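Please read them with the coordinates open beside you.

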Amino acid sequence: MKRLWVVLAVLIIVSGLSGAQGIAASDDLDLDLLFGGEILQELEAVPPETSAVEAILAGERLGIGGSYRLAVDASRLWAEMESPFPMEITRDELRFSLTGDIYADLRPSPTWRAFAKAKYTAALGHESWPQGKSDETFDVSLHEAFLDYTVLDKLYLRFGKQAVSWGVGYLCSPADVINIERIDPLDPEADREGPVALKAHYPVGSSNYYLYLLLEDMDGLQDIGIAPKIEYVMGRSELGLGGF
Amino acid sequence: MRTHKLALVLLLLICCWTVTAAAKDLSVIEAVLQKVDEQSSFPHTDLSAVLTIITEDPEAGLEKMVVRYFRRDDGERFLLVVEEPRTQRGQGYLLEGDNLWFYDPSSRKFAHTSLKESFQGTDARNADFGQWSYSSSYKVVDYTEGKLGNFAVYIIDLEAVDDTVPYPYVKLWVTKDSNLVLRTQEFSLNKRLMRSGLFPSYTRVGQGVIPTQMVFVDELVEGKKTQVSLSEISTAKLPDNVFTKAFLERANR
């Protein structure tokens, strides 16, 4: 028994050493060649045509893009029944579906931006039983359409139909009473439809102050919903407090 | 009797080895690490650059990513915005001190994440894009002197003293004359080699330096590695509002 323990101890030590001192994959690289010349360069002072910030915010004046998902489902069902009378059933089904979104993003300057995004679904199907029939559907819906404006690089305004970040739940967010669409637990990261609103965002250091004026389903000015929110950073935590 | 003599000799050898190790002046290396950290920080200069990240994965093949990089060490801030591939365009990271957020433009949500996490599934870690903290987060365990390519280097063994760093044990190859980290090996708690880093090119930024070529090798998955290259480096002053959530929201598509 004692011998067994000794063997085990040796095995553990050897495996530890081989892990620590084994040949690294990086040893395959030619280190002499990699570190054979001068490695410290001076920064080349070449002024770029546009600043990095402008390149991000207005580098591409008009962006049009989107995504698509094409699916084909085919199935055959065969059954033999005895009751109420003997019969054989063969049911064939074929369905094509195309889903996705398309967006347009206009950025005339770093201060202004207009954005619109629509979702579409198209389906075409045929089934052979109980009676041969085909169906087709096509649906397009506006998902987002908003205008951004920045006031003195300090206050950020967004007006229009927009998805709102509210609540921290992943599969379910009871605090999110702002967005129109609820979280789908089967697809929690999917885009959700938001309300028509005016959003004002004022960042101060690490903290963020938001004010939403919700303009969805209004009959008059008295129906405007007001939702302020504060995000405050404390150490390695972030505290969010919102009201509606 | 013979066994006792052998044991005595062994004991003496162990004592000699311990005394030799203890005699090493680790304060020299601690000073080197201090300089490494100081050089990796440029508190009076803003930095912007374009990162081109090429990942070679035996299963997924070759993947390219282009990321816009903004950094301000005064306040420990950086901001990364993915530009390519287009399917990930607008995803971003914002670091402010100890807090790192990931922004997902699809859900328009910010989520807290960690510097220890892998960057977008590559072999680079989020921490690789900030300033280094070898002198404060690690203690020197041992060192030797050696050569790497044309450079005389210190080969330094470090052990973490806090849990803010991705790996508890690190081995560094640092040039003697310029205190540049040329190579790293990072180990898990049971001293298994997890990742290697190679830094064959640096550029001066203000009083500091920044690696312009970084190669990270996954030592667990054979053939998996990531190369990060910096281009369009600028030290022009950046607006304060770059390092805000609002900027990430405006940058996305």
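1. Two strands are taken to pair if DSSP finds at least two bridges between them, and this cut-off bears on a link between the chains of this predicted model. β1(A) is joined by two bridges to strand β11 of chain B, residues 193–205, and these two strands run parallel. Within this pairing, Gln41(A) has Thr203(B) as its bridge partner in β11(B).

2. How many residues does each chain bring to the contact? Chain A supplies 44 residues and chain B supplies 54 residues. On the side of chain A that touches chain B, the elements giving two or more residues are the helices α1 (2–21), α2 (31–34) and α3 (52–58), together with the strands β1 (40–41), β2 (62–81), β3 (87–106) and β7 (196–204), all of chain A. The largest share of that side comes from α3(A), which gives four residues. Sorted by class, the side of chain A that touches chain B has 20 nonpolar, 14 polar and 10 charged residues.

3. Turning to chain A by itself, there are three helices and 10 strands, and along the sequence they follow the pattern α-α-β-α-β-β-β-β-β-β-β-β-β. Of the 244 residues of chain A, 14% count as buried. Among contacts in chain A with a separation of 6 or more, 40% are made by residues 24 or more positions apart.

4. Nine strands of chain A form an open sheet, in the order β2-β3-β4-β5-β6-β7-β8-β9-β10, with antiparallel pairing. Which strands lie at the edges of this sheet? The edge strands are β2 and β10 (237–242) of chain A, each of which pairs on one side only. Direction ignored, neighbouring strands of the sheet are turned against each other by 15° on average.

5. The domain assignment of chain A gives domain 1, residues 50–145, and domain 2, residues 154–244. The C-alpha centres of these two domains of chain A lie 28 Å apart. Where they touch, four residues of domain 1 of chain A are in contact with six residues of domain 2 of chain A. By class, the side of domain 1 of chain A that touches domain 2 of chain A has two nonpolar, one polar and one charged residues.

6. Strand β1 (residues 46–57) and strand β2 (residues 61–72) of chain B pair in the antiparallel sense over 12 bridges, with a hairpin of three residues joining β1(B) to β2(B). In this pair, Ile54(B) stands opposite Lys64(B) in β2(B).

7. β2(B) also pairs in the antiparallel sense with strand β3 (residues 77–84) of chain B, here over seven bridges, and Phe70(B) stands opposite Leu79(B) in β3(B). Which residue in the turn between β2(B) and β3(B) has a positive phi? Four residues lie between the two strands of this hairpin, and Gly75(B) in the turn has a positive phi of about 100°.

Notes
Residues are numbered from 1 along each chain as its sequence is written. Chains are lettered from A and ligands numbered from 1 in the order in which they are written. This is a predicted model: local features need pLDDT of at least 70, side-chain atom pairs count only at pLDDT 80 or more; totals for chains, interfaces and linings use all residues. Two residues are in contact if their C-beta atoms, placed from the backbone, lie within 7 Å. Ala, Val, Leu, Ile, Met, Phe, Trp, Tyr, Cys and Pro count as nonpolar, Asp, Glu, Lys and Arg as charged, and the others, Gly among them, as polar. Domain bounds come from an automatic or database domain assignment. A residue is buried if 20 or more other C-beta atoms lie within 10 Å of its own, exposed if 12 or fewer, and partly exposed in between; C-beta atoms are placed from the backbone. Axes are lines fitted to C-alpha atoms, for helices over the stretch in contact, and angles run from 0 to 180 degrees between N-to-C directions.
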